[in-house]
Amino acid sequence: MQRQTVLSAAAVHIVGTSRLAGHPLVADVCFYAGMPRTFRALRFLPAEVDALSARIAETVPLARTHRRAPAPALT
């Protein structure tokens, strides 16, 4: 039996890969849905991780991202 989980792009915090000797080993998707959770995949294509990251970046409004103004220069 297969299980499908659908996430809101706004719930996803991190999409990335863990590497071993420079080779992608595990894909990670960290998200918050009632509590912090992580999905991991052993079989994936690096292009799929890049596509997922790009899709989330274009879907989530900038107001939802955490950005800081540059610190003022010391004089």
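The questions and answers that follow concern this predicted model.

Q: In what order do the secondary-structure elements of the protein chain run from the N terminus on?
A: The secondary structure of the protein chain amounts to one helix and three strands. Read from the N terminus on, the elements run β-β-β-α.

Q: Which strands are the edge strands of the sheet?
A: Three strands make up an open sheet with antiparallel pairing, in the order 1-2-3. An edge strand pairs on one side only, and this applies to strand 1 (12-20) and strand 3.

Q: How many bridges join strand 2 and strand 3?
A: Strand 2 and strand 3 form a hairpin with three residues between them, and glycine 34 in this turn has a positive phi of about 90 degrees. Along the pairing, aspartate 28 has arginine 40 of strand 3 as its bridge partner, while phenylalanine 31 has arginine 37. Strand 2 (residues 23-32) and strand 3 (residues 36-41) pair in the antiparallel sense, and the number of bridges is six.

Q: At what angle to strand 1 does helix 1 run?
A: Helix 1 covers residues 46-59 and lies across strand 1 and strand 2. Its direction relative to strand 1 is given by an angle of about 160 degrees.

Q: Which residues make up the largest nonpolar core?
A: Of the 75 residues of the protein chain, 17% count as buried. Valine 12 touches Leu7, Val29, Cys30, Phe31 and Ile56, leaving aside residues up to four places away in sequence. The largest nonpolar core has six residues in all: Ala9, Val12, Val29, Phe31, Ile56 and Val60.

Q: Is phenylalanine 31 buried or exposed?
A: The cut-off for buried is under 20% relative accessible area. Phenylalanine 31 has 3% relative accessibility, so this residue counts as buried.

Q: Why does phenylalanine 39 count as partly exposed?
A: Buried means under 20% relative accessible area and exposed means over 50%, with partly exposed in between. Phenylalanine 39 counts as partly exposed because its relative accessibility is 37%.

Q: What is the geometry of the aromatic pair formed by phenylalanine 31 and phenylalanine 39?
A: A search of the whole structure finds one aromatic pair. In this pair, phenylalanine 31 and phenylalanine 39 lie 4.9 Å centre to centre, with 50 degrees between the planes. Planes under 30 degrees apart count as stacked and those over 60 as edge-to-face, so the remaining class applies. The pair is therefore tilted.

Notes
Residues numbered from 1 in each chain as written. Predicted model: local features only at pLDDT ≥ 70, side-chain atom pairs only at ≥ 80, totals over all residues. Heavy atoms only, no water. Phe/Tyr/Trp six-rings, centres within 6.5 Å; stacked < 30°, edge-to-face > 60°. Buried < 20%, exposed > 50% of the residue type's maximum accessible area, 1.4 Å probe, protein only. Pairing = 2+ DSSP bridges. Helix = DSSP H or I, 4+ residues; strand = E, 2+ residues; numbered from the N terminus. Core = buried A, V, L, I, M, F, W, Y, C linked by side-chain atoms within 4.5 Å. Contact = heavy atoms within 4.5 Å. Axes fitted to C-alpha atoms, helices over the stretch in contact; angles between N-to-C directions.
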